[in-house]
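Here's a quick briefing to read alongside the model.

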Amino acid sequence: MMNVNEACEAFKKLVEEQLARVAAMDTTKTDFATKKTVTIGVIDGDGIGPIITTAAARVLEKLLADEVAAGSIVIKQIQGLTIENRMACGKAIPDDVLAEIKSCDVLLKGPTTTPHGGTMESANVAMRRELDLYANCRPVCIPEKNIDWMFYRENTEGEYVLGSRGVELPGMAVDFKVTTDAGTRRIVRAAFEYAKNNGKTHLSVVTKANIMKKTDGKFTAIAHEIAKDYPGITVEDYYIDIMTANLLKDPLRQQFQVIVLPNLYGDIITDEAAQIQGGVGTAGSANIGDKYAMFEAIHGSAPRMIERGMGHYANPASIIKAAALLLRHICRPEAAAKLEDAMANCPAVITGNESGATCEEYANALIEML
Ligand code: IPM
Ligand code: MG
């Protein structure tokens, strides 16, 4: 509990830290097309994480076997990012684990558990910050409904950057939301570049700028400023509340192509979008920075599935889709296409229980097709 003066002091420190973060942003890009050795780190995570991540890692090992043998790809397992170890170390990412992570170029990560309340930060949020993974790209594609959306969620700022650093005064709690020019420019530009490079002609900017006037107001203004560099792409603003409705509304929703939005809105709406596609188990997620990138399922660690003894029926589709996104990111598009094709035609069906395949059976069937 703080008093008013302590809260003001804490706020001052946070503002200074945030200014320092922006000043230290490094924009040097890793060029995977020319990089001689690409190191892929595999992190199991908690709950169903080890089960689904093992399936996805086996798929990658199969697809990249020749390159692993030739030494142009290294796949390494990273231990220790478990809730038990994180609680024991009192750190969202223990130092030795972070050093291992930073020795890789890209990561495939299973879901990690975040304790409610307390001060332990989410490992996900910490990793996105430590590796500066500012673009969270989440594709949702339903060909039979004529839906092809790509969400560009800002991934390092907004409500998340100080989410574990709010202040509590007697009878009151305050959290902070941070939006910077540099942070907004890079996510908006990434979304426009994706649109331009993939023949997209429409970009939606989603905020709540009528209420969050400073932060979301800035986000919208910067998006329109950057739009001037992309004359072939039309830009439309939506508020997040009506956008959640619009994702359910035909034919309007078929017009959406690339959607760029601040962190928390992106978190919420991409679960909705994934559900429209068939469930949060069906969507992959790419966390991209200039140097590193991390690929993961968009769902959590499903502790209830483990408690019920049903973990082996977990659906690995989300993390395997993430593995396909990883392959594209490291400039292995043929391997990615092969995987996506096999997934679309895999005879094994996952239902989450005895009526369908286990995670391992699904992986076996998929690997057979590669
Ligand atoms: C996601 C998840 C994470 C988030 C959690 C696990 C911290 O919901 O990747 O969407 O809120 O970003
Ligand atoms: Mg989420």
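Pro251 lies in the loop between α9 (240-246) and β10 (258-261), with helices (H or I, at least four residues) and strands (E, at least two) taken as DSSP runs numbered from the N terminus. This is a predicted model, where local features need pLDDT of at least 70, side-chain atom pairs count only at pLDDT 80 or more, and totals for chains, interfaces and linings use all residues. Residues are numbered from 1 along each chain as its sequence is written, chains are lettered from A and ligands numbered from 1 in the order in which they are written, and side-chain values use heavy atoms, leaving out hydrogens and water.

**Backbone**

- Asp250 and Pro251 are joined by a cis peptide bond, with omega at about -5°.
- Asp132 isn't a glycine, yet it has a positive phi of about 55°.
- You'll find Asp132 in the loop between α6 (123-130) and β4.
- For context, most residues other than glycine have a negative phi, and most peptide bonds are trans.

**Ligand 1**

- Around ligand 1 sit Ser122, Asn124, Arg128, Arg138, Arg153, Tyr160 and Asp267, counting residues with a heavy atom within 4 Å.
- By class, that shell has 4 charged, 2 polar and 1 nonpolar residues; Ala, Val, Leu, Ile, Met, Phe, Trp, Tyr, Cys and Pro count as nonpolar, Asp, Glu, Lys and Arg as charged, and the others, Gly among them, as polar.

**Pockets**

- Ligand 1 sits in the second largest pocket, meaning more than half of its atoms lie within 2 Å of the pocket's grid points.
- A pocket here is an open set of points on a 1 Å grid over the protein atoms alone, where a 1.4 Å probe fits, with protein on both sides within 12 Å along at least five of seven lines; lining residues have an atom within 4 Å of a point.
- The largest pocket has a volume of about 1,800 Å³, the space filled by probe spheres set on the points.
- Its lining has 50 residues, with Pro139, Met150, Tyr194, Leu325 and Arg328 nearest the centre.
- α7 gives the most to that lining, with 7 residues.
- The lining of the largest pocket splits into 29 nonpolar, 9 polar and 12 charged residues.
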